[in-house]
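Reader: I would like to go through the labels used for this model and ask what stands behind each of them. Please set each value against its cut-off.

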Amino acid sequence: MITKKKIGITGCTGSLGSFLLKRKNFKFSCFKGDIRKKTDIIKWLSGEDFEAIIHLAAIVPIKLVNKNKVKSREVNFKGTKNLVESVTKTNLKWFFFASTSHVYQSSKKKIKESSKVNPISFYGKTKLEGEKFVIKELKKSNIKYCIGRIFSTSNISQKKNYLVPDLIKKIRFSKNKVVLKNLNHYRDFISMEEISKIILELYKKNFEGIINIGRGKGIFLRDIAKLIIKKFNKKCEFIDNKKPTYLIADNSKLKRFVKIRKTGGLKRLIF
């Protein structure tokens, strides 16, 4: 009988964490403490012998991040710092850090891993800080690191404060004409199910370095709103006060390691 290697996951209660836990060919252990408390992390690690850790714990929705920047940095950066410092004292072999496309600056061209980093949001800044710390510390250890710069995500179980569920709520329950602002941006959407598969494939291949996790196709945010408007038969007005931004992955490196499946179209990502 082949013994399954145990993988530790932080952020199990999030959308991506819940999809990872559905993968039955792996043995997972969830971190249930406060990522900001090093004692909680050490207690978790001391009771396990992990082959790998997938670090997902973070405050992600831009609205929540901007609402409390101090807490967001404590969770997203200092929590990562606590975890990395703690795992260097273990026999861990592989560490995955869930980063974001928000570390890049907007570009009409597809964004490569080597493209300029210039965070477009405070969320992106906290993740870039985390990236730099992961690289600096784990390069000095025997632990291989994988930084996955995840582009936009959506699925029907996604919680409020994310773009799609907030749009659905605003449009569906509006009694008058809906006014939607600043949806003149282009994003690269990939499903949570696909991301979970990709992370575990990267683990099996023992990938090390930075890698974009995206489909390589841009979606105009206004087109998402139009689909929702059509579904609920509503009237809408679009107002754009900001210049369009573009975050679309060059995923050529990813495709050398993982086969990207078809999503079944935009509707499947939304509804």
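**Labels and their cut-offs**

Author: Glutamate 137 is buried, with a relative accessible area of 16%. This is a predicted model, in which local features need pLDDT of at least 70 and side-chain atom pairs pLDDT 80 or more, while totals for chains, interfaces and linings use all residues. Residues are numbered from 1 along each chain as its sequence is written, and side-chain values use heavy atoms, with hydrogens and water left out.

Reader: Why is glutamate 137 called buried?

Author: Buried means under 20% relative accessible area, exposed over 50%, and partly exposed in between, with a 1.4 Å probe and protein chains only. Glutamate 137 has 16%, so the label is buried. Lysine 136 has 47% and therefore counts as partly exposed.

Reader: What makes lysine 136 and glutamate 137 a salt bridge?

Author: The term requires a side-chain nitrogen of Lys or Arg within 4 Å of a carboxyl oxygen of Asp or Glu. For lysine 136 and glutamate 137 the N to O distance is 2.8 Å, so the pair qualifies. The structure holds 15 salt bridges. Asp34, Arg36 and Glu74 are linked in a network of them.

Reader: How do you know that lysine 197 and glutamate 194 form a salt bridge, and where do they lie?

Author: Their closest N and O atoms are 3.4 Å apart, so they meet the rule. Both belong to helix α7 (residues 192-204), three residues apart, which separates them by about one helical turn. Helices (H or I, at least four residues) and strands (E, at least two) are DSSP runs, numbered from the N terminus. Lysine 197, at 14% relative accessible area, is buried, and so is glutamate 194 at 3%.

Reader: What makes lysine 22 a charge over a ring?

Author: NZ of Lys or CZ of Arg must be within 6 Å of the ring centre and within 35 degrees of the ring normal. Lysine 22 lies over the face of phenylalanine 19, 4.3 Å from the ring centre. The charged end of arginine 222 sits over the ring of phenylalanine 238, at 5.0 Å from its centre.

Reader: Why are the buried residues of helix α2 said to be on the same side?

Author: The buried residues of α2 (residues 38-46) are Ile41, Trp44 and Leu45. They cover an arc of only 95 degrees around the axis, which puts them on the same side of α2; the arc is that of the directions from the helix axis to the C-beta atoms. Thr39, Lys43 and Ser46 are exposed on the other side of α2. The buried residues of α2 pack against β1 (6-10), β2 (27-30), β3 (52-55) and α4 (69-87), where contact means heavy atoms within 4.5 Å.

Reader: What makes β5 and β10 a pair of strands?

Author: Two strands pair if DSSP finds at least two bridges between them. Strand β5 (residues 144-150) and β10 have five bridges, in the parallel sense, so they pass. Cysteine 146 stands opposite glycine 209 in β10. Four of the five residues of β10 (residues 209-213) are buried, so this strand is largely enclosed by the rest of the structure.

Reader: Why are β11 and β13 called edges of their sheet?

Author: Three strands form an open sheet in the order β11-β8-β13, with mixed pairing. Strands β11 (219-220) and β13 (246-247) each have a single partner strand, so one side of each is left without a neighbour in the sheet. Strand β8 (residues 186-187) pairs with β13 in the parallel sense over two bridges.
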